[in-house]
Amino acid sequence: MRHNVEYTPICHTTMPFFARAAGLRGFIIMSKKLVAYFSAQGTTAAVAKRLAEACGGDLYEIRPQVPYSSADLNWNDKNSRSSVEMRDPAFRPALADTNAHVQDYDVVFLGFPIWWYIAPTIINTFLEAYDFSGKTIVLFATSGGSGFGKTVQGLKGSVAPTCNIIQGRVLNGSPDTATLKTWVESLNV
Ligand SMILES: Cc1cc2nc3c(=O)[nH]c(=O)nc-3n(C[C@H](O)[C@H](O)[C@H](O)COP(=O)(O)O)c2cc1C
């Protein structure tokens, strides 16, 4: 007689010993995913929402304690808030909260707009506010056309050495949920 095998989605961290010992047969391993993003003007926010649907992850907005005004974002003004902050790699804009519950997740998709060819420094603030030891971070971004440049180097110093930062994709052009799902699956995270 043929028995139906029950496939149970289960997260790495909560997987019981017997399941690991049994070679995981009969189990689909699903890492618990968080999509955390910062967006000053809404473009990255829209992509992040679709990405959360695509990967079945939770969504968390990284918000600055003081929101950026349009004057703050004027890159043509060397005295604007964003220009001043981005000139100083040690600058850490304050967060509005630290409620991301990063400890509950295995994989964090981390999204932001490219500012001056790298991640806004609030992303460093976010990384330094939590313990990312042993976790996988997949970066995604939106931009006016630039790629990641030296983004990964700029973020590595803000996490523990055991955190794996993967340079994901610049997701310009409003990719749809199906496209994002294909991308997430290709990552095998
Ligand atoms: C201060 C500032 C600096 C920027 N620097 C770059 C850049 O170096 N390269 C680029 O392609 N786009 C740059 N942009 C454009 C943003 O990356 C782009 O508009 C992004 O999609 C905005 O995302 P958001 O709407 O989620 O804030 C910059 C925008 C701002 C406000």
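1. Five strands make up an open sheet, ordered β4-β3-β5-β6-β7, and the pairing is parallel; two strands pair if DSSP finds at least two bridges between them. The edge strands, each pairing on one side only, are β4 (58-61) and β7 (164-170). Direction ignored, neighbouring strands of this sheet are turned by 20 degrees against each other on average.

2. The model is predicted, with local features needing pLDDT of at least 70 and side-chain atom pairs counting only at pLDDT 80 or more, while totals for chains, interfaces and linings use all residues. Residues are numbered from 1 along each chain as its sequence is written.

3. Within the sheet, strand β3 (residues 33-37) runs parallel to strand β5 (residues 107-113), and five bridges join them. Leu34 has Val108 as its bridge partner in β5. Strands (E, at least two residues) and helices (H or I, at least four residues) are DSSP runs, numbered from the N terminus.

4. Helix α2 (residues 43-55) and helix α6 (residues 177-187) have axes that come within 8 Å and cross at roughly 60 degrees, where axes are lines fitted to C-alpha atoms, for helices over the stretch in contact, and angles run from 0 to 180 degrees between N-to-C directions. The two helices α2 and α6 are therefore oblique to each other, given that angles under 35 degrees count as roughly parallel, over 145 as roughly antiparallel, 65 to 115 as roughly perpendicular and the rest as oblique.

5. At this contact, Arg50, Leu51, Glu53, Ala54 and Cys55 in α2 meet Thr177, Leu180, Lys181 and Val184 in α6, contact being counted if C-beta atoms, placed from the backbone, lie within 7 Å. By class, the contact of α2 with α6 comprises five nonpolar, one polar and three charged residues (Ala, Val, Leu, Ile, Met, Phe, Trp, Tyr, Cys and Pro count as nonpolar, Asp, Glu, Lys and Arg as charged, and the others, Gly among them, as polar).

6. The ligand is surrounded by 20 residues, of which the closest are Gln41, Thr43, Thr44, Pro113 and Gly144; a residue is near if its C-beta atom, placed from the backbone, lies within 6 Å. Helix α2 provides the largest share of this shell, three residues.

Definitions and conventions: Contact = placed C-beta atoms within 7 Å.
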